[in-house]
Amino acid sequence: MPLPIRLLAMLCAFGFMVAFAAVLARLTLQPSPASAAMAHTNLHPGTTLRLYLDQPAFRDAVKQIGGNVLLGVPFGILVPVVAPRARGLLRVLVLTALVMLLVEFAQGALVQGRAFDIDDVILNTTGALVGYLLLGRRLSRAVHARERLPRRAAKRAKDA
């Protein structure tokens with residue numbers, strides 16, 4: 001891909017990442033005084049997931065679980081495009097988990113009616129995995145493809 005198009009793609013991805021960060025902050029860092037009595041810290045993976053799945057309304061469980069997974073999808077798509085050194089699956093997942101841990105810590109420590117929940121981090125990171133596998137990997141390879149030499153030129157370079 002020519003350099004100007006690559007730069008434009010990276011600039012667009014960066015713009016989407018900034019917009020996503022603003023949406024993420026709005027969704028996760030706004031106080032929820034009505035939920036203060038229900039908010040509880042969860043450090044045990046699976047605890048909140050079981051609570052979601054035990055709800056009588058299946059729709060509420062899908063909304064909670066699906067919403068948390070969807071919050072991670074943009075990371076899996078945009079991080080490999082914006083940060084070429086973070087292109088690998090493991091790097092995208094670790095970066096997503098770290099960012100989501102910071103968001104959860106901020107929720108638990110600073111926001112009324114919110115609490116730290118490790119299940120949210122797991123679901124967000126799962127969303128990043130889905131985004132990476134569906135689109136992020138291909139998009140990253142298209143934007144940051146390495147120039148390949150023709151075989152003869154590569155062989156001559158090797159022999160020289």
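The lining of the largest pocket in this predicted model divides into 10 nonpolar, 12 polar and 6 charged residues (Ala, Val, Leu, Ile, Met, Phe, Trp, Tyr, Cys and Pro count as nonpolar, Asp, Glu, Lys and Arg as charged, and the others, Gly among them, as polar). A pocket is here an open set of points on a 1 Å grid over the protein atoms alone, where a 1.4 Å probe fits, with protein on both sides within 12 Å along at least five of seven lines; lining residues have an atom within 4 Å of a point. The volume of the largest pocket is about 900 Å³, taken as the space filled by probe spheres set on the points, which are joined across faces, edges and corners. Of its 28 lining residues, Tyr52, Gln64, Asn68, Arg114 and Asp120 lie nearest the centre. Two or more lining residues are given by each of H1, helix H2 (47–53), H3, helix H4 (89–110) and helix H5 (118–143), and H3 supplies the largest share, 6 residues. Helices are DSSP runs (H or I, at least four residues), numbered from the N terminus.

Helix H3 (residues 58–82) packs against helix H1 (residues 3–28) at an angle of about 150 degrees, the axes being 9 Å apart. H1 is therefore roughly antiparallel to H3 (angles over 145 degrees). Axes are lines fitted to C-alpha atoms over the stretch in contact, and angles run from 0 to 180 degrees between N-to-C directions. The crossing of H1 and H3 is left-handed, that is, the near helix is turned anticlockwise from the far one by less than a right angle, whereas clockwise is right-handed. The contact (heavy atoms within 4.5 Å) includes Phe14, Met17 and Phe20 of H1 and Leu71, Phe75 and Leu78 of H3. Its residues comprise 16 nonpolar, 1 polar and no charged.

H3 also packs against H5, at an angle of about 35 degrees with axes 5 Å apart, in a right-handed crossing. Among the residues that meet are Asn68, Gly72 and Gly76 of H3 and Asp120, Gly127 and Gly131 of H5. This contact holds 14 nonpolar, 8 polar and 1 charged residues.

The axes of H4 and H5 come within 9 Å and cross at roughly 145 degrees, again in a right-handed crossing. Residues including Leu93, Met100 and Glu104 of H4 meet residues including Asp120, Val121 and Leu129 of H5. The contact of H4 with H5 divides into 11 nonpolar, 3 polar and 2 charged residues.

Residues are numbered from 1 along each chain as its sequence is written. Local features need pLDDT of at least 70 and side-chain atom pairs count only at pLDDT 80 or more, while totals for chains, interfaces and linings use all residues; side-chain values use heavy atoms, with hydrogens and water left out.

Technical notes
Angles under 35 degrees count as roughly parallel, over 145 as roughly antiparallel, 65 to 115 as roughly perpendicular and the rest as oblique.
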